[in-house]
Amino acid sequence: MGRYVARRLLQMIPVFFGTTLLIFLMVYSLPGDPVAGLFGDKGASPSTLAELRHKYGLDQHILKQYWDYITGIVLHFDFGTQFRNDRPVTEVLGDAFPVTIQLAALAFAFELVFGIGLGIIAGLRAGRLADNAILIFTLLIISIPVFVLGFIIKMVFAFQLGWIQPNVSNDQLLSEMIAPAIVLGGLSLAYVARLTRTSMAENLRADYMRTAVAKGLPKRRIIGVHLMRNSMIPVITFLGTDIGALMGGAVVTEGLFNVKGVGGLIYESITRREGSTLVGLVTVLVVVYLVTSLLIDLLYAVLDPRIRYA
Amino acid sequence: MRGATHAKWAALATAVALAATACGGGDDSGGGGGADGIVSSSWGDPQNPLEPANTNEVQGGKVLSMIFRGLKEYDPKTGEAKDMLAEKIETTDSINFTVTVKDGWTFSNGEKVTAQSFVDAWNYGAALKNNQKNAYFFGYIEGYDKVHPEKGEATADTLSGLKVTGPQTFTVKLTQKFSTFPDTLGYAAYAPLPKAFFDDHAGWLAKPVGNGPYVIDSYSKGSQMELKRWDDYPGDDKAQNGGITLKVYTDNNTAYTDLIAGNLDLVDDVPAAQLKNVSADLGDRYINTPAGIIQTLSFPFYDPAWNKPGQEKLRQGLSMAIDRDQITQTIFQKTRTPAVDWTSPVLGEEGGFKDICGDFCKYDAAEAKKLVAEGGGIPGGTMKISYNADTGSHKEWVDAVCNSINRALGNNTACVGNPIGTFADFRNQVTTQKFDGPFRAGWQMDYPLIQNFLQPLYYTNASSNDGKYSSEEFDKLVDQANAESDIPKAVGLFQQAEEVLRDDMGAIPLWYQNGSAGYSERVGNVTLNPFSVPVYNQITVK
């Protein structure tokens with residue numbers, strides 16, 4: 001087990017270099033000149049352009065740029081400098097990630113609690129009224145695009161009822177984060193509910209369930225331990241990969257609710273061709289993906305005793 | 001026991017995950033704007049560090065307008081350049097200027113504003129090694145080619161045309177006659193800088209110190225800046241409120257919803273999508289005033305296909321094929337005004353704003369079709385209007401312009417839009433002359449002078465002459481106008497140059513952009529200056 005974890009952690013190293021190089025090359029191949037964009041519609045003096053390119057290392061060969069960038073990260077934890085505003089990228093990441101983590105954690109808690117809850121209710125009452133109601137509800141959520149849901153929530157709860165603030169302020173209060181978290185977690189909630197429902201409905205008919213009932217175990221134990229533990233594997237898999245998606249893919253939600261997080265930063269870095277910022281962001285997200293997938297693999301063993309890691 | 005081992009390893013991996021994702025906390029303390037006369041205003045993250053000679057867009061300009069005062073200041077209403085720190089600026093030949101700086105001004109850190117403060121700041125702004133984006137402003141001063149050569153290393157550190165002659169006086173020597181030079185000095189790039197700027201540059205950037213009516217109280221990059229009134233400010237345009245809090249918004253839509261919800265006092269850019277609701281939401285708390293911004297279509301004169309004699313008729317015909325009235329009404333909800341010249345209404349008649357374009361800027365399908373045919377038709381049969389699709393609502397109006405041209409010419413393939421994904425790519429292609437058809441161009445004035453709308457854009461090889469328009473006659477008239485010390489006569493010469501531009505149709509003027517703003521019931525006396533920046537110091541709080 002220990003060796004397995006160590007091996008998985010070591011595997012992250014080539015993945016880290018591979019993804020950073022790929023992203024770096026992709027940003028490099030984007031058309032346009034990030035430095036010329038800084039001058040707006042006005043003409044730029046060619047000598048200032050050359051000086052700025054030199055300052056950010058853009059006049060070097062792409063592989064040399066990548067080498068300098070990676071040695072900066074590995075040796076000094078230096079992710080480079082943003083062209084915009086001349087800020088160190090570590091500072092930019094340090095501003096954006098705490099907000100995003102807060103938002104993603106809330107959204108995750110929301111989809112976990114309500115998604116699994118609804119899934120259990122539907123799964124245990126498969127084919128009956130509650131199941132159908134939940135089916136329709138999740139269908140509705142899946143079919144509404146995120147920005148429509150966001151606008152509706154803003155309109156109804158912020159402007160007509162006045163229960164919440166329409167936007168997240170610079171203080172990023174937890175209470176302001178609830179609405180964007182619901183919007184962000186809504187889609188995944190529907191998936192989680194459906195996965196849980198199907199998995200449970202299937203396992204209800206499994207042999208070990210019949211055995212447990214025949215043994216005369218109390219109902220709470222049958223459902224809580226025998227059924228739940230086995231039904232959670234596909235759900236956990238989905239939840240694990242969803243953490244990364246919640247953190248990196250919240251562009252629309254962040255824009256709608258004025259959350260200054262990672263999603264908006266990624267979008268902006270792409271349009272501005274800010275290679276160093278983008279690679280920094282993606283690197284952190286890749287690490288998040290890797291670590292959560294490791295955690296999930298370990299959780300499999302906890303949930304299903306048949307799975308063993310040497 | 002097996003389970004316990006699992007749990008232990010899971011906990012370890014969790015710890016690693018937490019350590020990997022914990023990236024320090026962003027500090028975002030600050031008020032919500034409200035009590036004690038503080039005005040909260042929408043803001044965008046400035047594009048460049050807040051150095052005066054490095055700020056070329058509105059967001060950074062907002063801050064500079066509050067913390068700096070230069071030799072001249074533009075009247076927020078008329079745009080007229082008035083003496084601010086300048087006691088007097090004298091010249092006899094329009095080349096050598098003697099500047100006397102008023103006594104009694106200090107920076108907010110107590111340091112005296114002297115002639116040296118200006119000369120040091122200008123030398124810093126001009127020097128190539130400092131990478132200042134507005135360095136070209138100092139290009140008229142003698143010695144600029146030494147400190148900022150087009151190619152290669154700088155051979156001097158300071159501008160030879162600047163000399164400090166006394167504690168409060170300095171002289172400026174220009175390379176050519178430029179009679180309206182003193183009126184350009186209200187631009188932020190010419191602001192004085194305190195010694196702290198040079199001694200502790202990083203510290204200054206973290207919290208800039210200037211000589212304007214406000215001081216920066218706190219600045220957390222990317223989210224918020226709090227400015228407080230400077231009580232000892234020596235000027236007569238003291239702040240009428242306790243301070244301004246600038247809040248960064250992800251876009252102008254979220255800012256607008258915060259204004260409606262009462263969380264924000266001032267939004268200085270009302271989103272196009274909300275213009276229909278504005279009168280219902282805000283009533284008379286919405287302002288829409290002309291700003292010194294003009295949108296044009298530039299032509300690729302560097303392309304032989306677009307630079308043949310006789311093609312001025314083609315360009316004039318295209319101009320007449322654009323229904324400016326309809327496009328500004330339906331697409332821009334009257335936040336743009338159809339253009340009648342190549343300058344801006346903010347200049348006023350005295351400043352040179354005049355209907356020079358005449359019939360060439362009026363929609364006339366029949367005449368347009370005739371002129372285009374006389375001008376040899378559109379090169380290649382189809383022209384592509386290039387624009388960047390990531391910002392603004394360029395797609396909408398370019399499509400509308402093309403529709404208008406196609407309808408007028410009775411040819412559905414005469415004009416198509418050519419979207420470029422990002423602004424950075426668009427500018428790159430513009431500056432490297434990649435486009436083989438017209439492309440959108442926008443010009444926001446640096447100072448309210450007719451010279452600023454013509455020379456940088458249409459003079460041969462000027463810094464922003466992206467289409468490479470060139471006319472000996474135009475250049476000659478601009479030179480004469482710059483040499484003319486009588487201001488009305490100079491303006492007349494510039495207008496003559498503009499007529500040359502019209503006869504060549506060197507660029508098609510489309511419309512003037514207005515500045516728009518909405519404000520809450522808490523505040524009053526909100527206006528926008530000709531640069532579409534709110535006049536913060538005049539805002540009152542009820």
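In chain B, the end C-alpha atoms of residues 84–464 lie 29 Å apart, and this span is 29% helix and 20% strand, where helices (H or I, at least four residues) and strands (E, at least two) are DSSP runs numbered from the N terminus. An unreviewed UniProt entry annotates these residues as "domain: Solute-binding protein family"; such annotations may be inferred rather than shown by experiment. The model is predicted, with local features requiring pLDDT of at least 70 and side-chain atom pairs pLDDT 80 or more, whereas totals for chains, interfaces and linings use all residues. Residues are numbered from 1 along each chain as its sequence is written, and chains are lettered from A in the order in which they are written.

For residues 97–300 of chain A, the span is 83% helix and 0% strand, with end C-alpha atoms 28 Å apart; the annotation here, also from an unreviewed UniProt entry, is "domain: ABC transmembrane type-1".

The contact between the chains, counted from C-beta atoms placed from the backbone and lying within 7 Å, takes 60 residues from chain A and 62 residues from chain B. On the side of chain B that touches chain A, the elements giving two or more residues are α1 (2–21), β10 (243–248), α8 (252–260), α15 (423–431) and β16 (439–444), and α1(B) gives the most, with eleven residues.

The largest nonpolar core has 159 residues, and B:W122, B:I385, B:I405, B:L454 and B:A497 have the most contacts inside it; a core joins buried Ala, Val, Leu, Ile, Met, Phe, Trp, Tyr and Cys residues through C-beta atoms within 7 Å, buried denoting 20 or more other C-beta atoms within 10 Å of a residue's own. A second, separate core of 48 residues includes A:F97, A:A107, A:V284 and A:Y289.

Key
Two residues are in contact if their C-beta atoms, placed from the backbone, lie within 7 Å. A residue is buried if 20 or more other C-beta atoms lie within 10 Å of its own, exposed if 12 or fewer, and partly exposed in between; C-beta atoms are placed from the backbone.
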